[in-house]
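I opened the notebook today to look through a fold with a few plain questions in mind.

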Amino acid sequence: MIRPIGANIRALTLLIALAFLLTSLGVGYWTLVASADLSGDAFNPRLLATLLDRPRGRILAADGTELAQSIRLADGAFRRRYADRSLAQVIGYASYKYGAAGLEAAYAESLIGRDAADPLGQWRARYLREQPDPGSVRLGIVPSVQRAAVAALAGRTGAVIVLDPRTGAILASVSEPNYDPNILVDPAQQDLAWRQVNGNRERPLLDRATQGLYTPGSVFKLVTAAAALESGWDASAKVRVDDPYRADPSWGAYAVRSPSQAHGDFDLSLAFQRSENIYFAKAGLATGAQRLTEYAGRFGIGSAPRCEIAASKGQIANGTLDRPTLVADTSFGQGELLVSPLQMALVAATIARGGSLPTPHYATAVLDARGDPLRLVEPGAVAQVIRPDTAAAISAAMVAAVEAPGAFAFGARIQGVRVAGKTGTAEVPSGAPHGWFVGFAPAEAPTAVVAVIIENSPKGGEDAAPVGGAALRAAIGR
């Protein structure tokens, strides 16, 4: 049967109209909805092309030290130059061939003079094809604190991150091993350098401070203590500890071991001083899996911190805490726990600031071409996650963990300053345990928080505590 020509014309018209509608919707979406994401994409050729024929803005430390700048080559092109290799994973790189990473990617628009806070400049650049002068980004990084953290870690595989708990500004960030970003932006070396860096088994491109995932060991006891105290646990009550501990025969061969083979009564303060696993296993079992999981989530474990550069989300369990032995194991920082140093720094910062979780950030301001602030980076707190009295009780126990006779975190002591801290020795599937330290100072009015991880550290927390103490000493000017 032959269809009437009118029907064919109507079908063709409908098809053309539908195609036009879909095209219009697509253009509208990419122009109006997704334009911001496209324009800020680190791999956007429009942004990367500016690397060649004009300078990119500077990245500055808190004191104005130039950490990244553009230099003019003999042929008139521009190339980035990076001043501090220890910040390689933070600042990243801006390469015409390999794209951008780190803060170079996060603030790509700002560094070419098209910051979101300057809509008129963006309009003139887009529609009048003007080339705005590049802006700059000022960080919270304090060079003296960065140098102290680098020196204290001494090339060992791991990370140190220092932040101001009052604002969330990151003062220092070290990840070892690192790489030289200058060779990744040098056309004569970049191809070989890219293959070598990507093929390196030690993963120098990985920012261990924000993206590394580790079993936390005893530093997780800060979270367990918070959950227990807000579930009715009495910090002053004496809890019997006998090594080894099995709640009942159903535990089979599993037992919680005391790091000091203890037999005696412990309150919260003494449990922090001696990092007593059995005490915290009992506290976690009394609190319950649901509350323990809830409080880990409150502190941000299981979700990525809101930060300019990529950060890992961690996990409290690979599924659920569905059996008592796993609850006990998790309560003293083992089990199926994974956290980043940044997340543990934020846990300590929450306690330091009376229970509210800060938002971490590297940049403190975006500057215009004249060096005047275009906008300040002040993200504020995420939420109040524990009560002030809970934070005060844990803070006091952390001070005892550093200052009391025989306390495990004694290596973080600073003469004339009260330091709050907690060590951790995290068992891993192979090799020596990882060593942890988290802490803050001065304990009564904290201005600096530190988290330290040293991979496969023979003495665990004993190795990490002095690194944390050195970083805190620099941060508070002692």
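This is a predicted model: local features need pLDDT of at least 70, side-chain atom pairs count only at pLDDT 80 or more; totals for chains, interfaces and linings use all residues.

My entries below go from a sheet and its helices to one aspartate and then to the salt bridges.

Entry 1: I looked up an open sheet of five strands and wrote down its order as β8-β7-β17-β16-β15, with antiparallel pairing. Its edge strands are β8 (170-176) and β15 (420-426), and each of them pairs on one side only.

Entry 2: I then picked β7 (residues 158-163) and β17 (residues 448-454), which pair in the antiparallel sense over six bridges. Ile161 stands opposite Ala451 in β17.

**Entry 3: helices on the sheet.** What does α18 lie across? I found β7, β15, β16 (434-441) and β17 under this helix's entry, and α18 runs at about 150° to β17. Next I checked helix α8 (residues 143-153), where the buried residues are Pro143, Val145, Gln146, Ala148, Ala149, Ala152 and Leu153. These buried residues of α8 pack against β7, β8, β17 and also α18. After α8 comes Ala154, and I noted its positive phi, near 55°.

**Entry 4: Asp463.** I went back to α18 (residues 461-475), because I wanted a closer look at Asp463, which is in this helix. Which side chain of opposite charge is nearest to Asp463, and how far away is it? It is Arg156, at 4.8 Å. A salt bridge needs a nitrogen within 4 Å of a carboxyl oxygen, and I recorded Asp463 as buried with no salt bridge. The side chain of Asp463 does make a polar contact, with the side chain of Ser457 at 2.4 Å. Leaving aside neighbours within four places in sequence, I listed Arg156, Ile454, Ser457 and Pro458 as the contacts of Asp463.

**Entry 5: salt bridges across the chain.** My count of salt bridges came to 19. I looked at Arg79 with Asp186, whose closest N and O atoms are 3.5 Å apart. This pair links distant parts of the chain, 107 residues apart: Arg79 is in strand β3 (residues 78-82), and Asp186 is in the loop between α9 (181-184) and α10 (190-199).

Arg208 counts as buried at 6% relative accessibility, and Glu455 counts as buried at 19%.

Entry 6: Last, I turned to Arg298 and Glu294, which meet in a salt bridge at 2.7 Å, N to O. Both lie in helix α14 (residues 289-298), four residues apart, which is about one turn of the helix. I noted Arg298 as partly exposed, with a relative accessible area of 31%, and Glu294 as partly exposed too, with 29%. Which residues are linked with them in a network of salt bridges? I wrote down Glu230 and Arg291, linked with Glu294 and Arg298.

Definitions and conventions
Residues are numbered from 1 along each chain as its sequence is written. Side-chain values use heavy atoms; hydrogens and water are left out. Helices (H or I, at least four residues) and strands (E, at least two) are DSSP runs, numbered from the N terminus. Buried means under 20% relative accessible area, exposed over 50%, partly exposed in between (1.4 Å probe, protein chains only). Lys and Arg count as positive and Asp and Glu as negative; His and the chain ends are not counted. A polar contact is a pair of N or O atoms within 3.5 Å; within protein, one must be able to donate a hydrogen and the other to accept it, and residues adjacent in sequence count only if both atoms are side-chain atoms. Contact means heavy atoms within 4.5 Å. Two strands pair if DSSP finds at least two bridges between them. Axes are lines fitted to C-alpha atoms, for helices over the stretch in contact, and angles run from 0 to 180 degrees between N-to-C directions.
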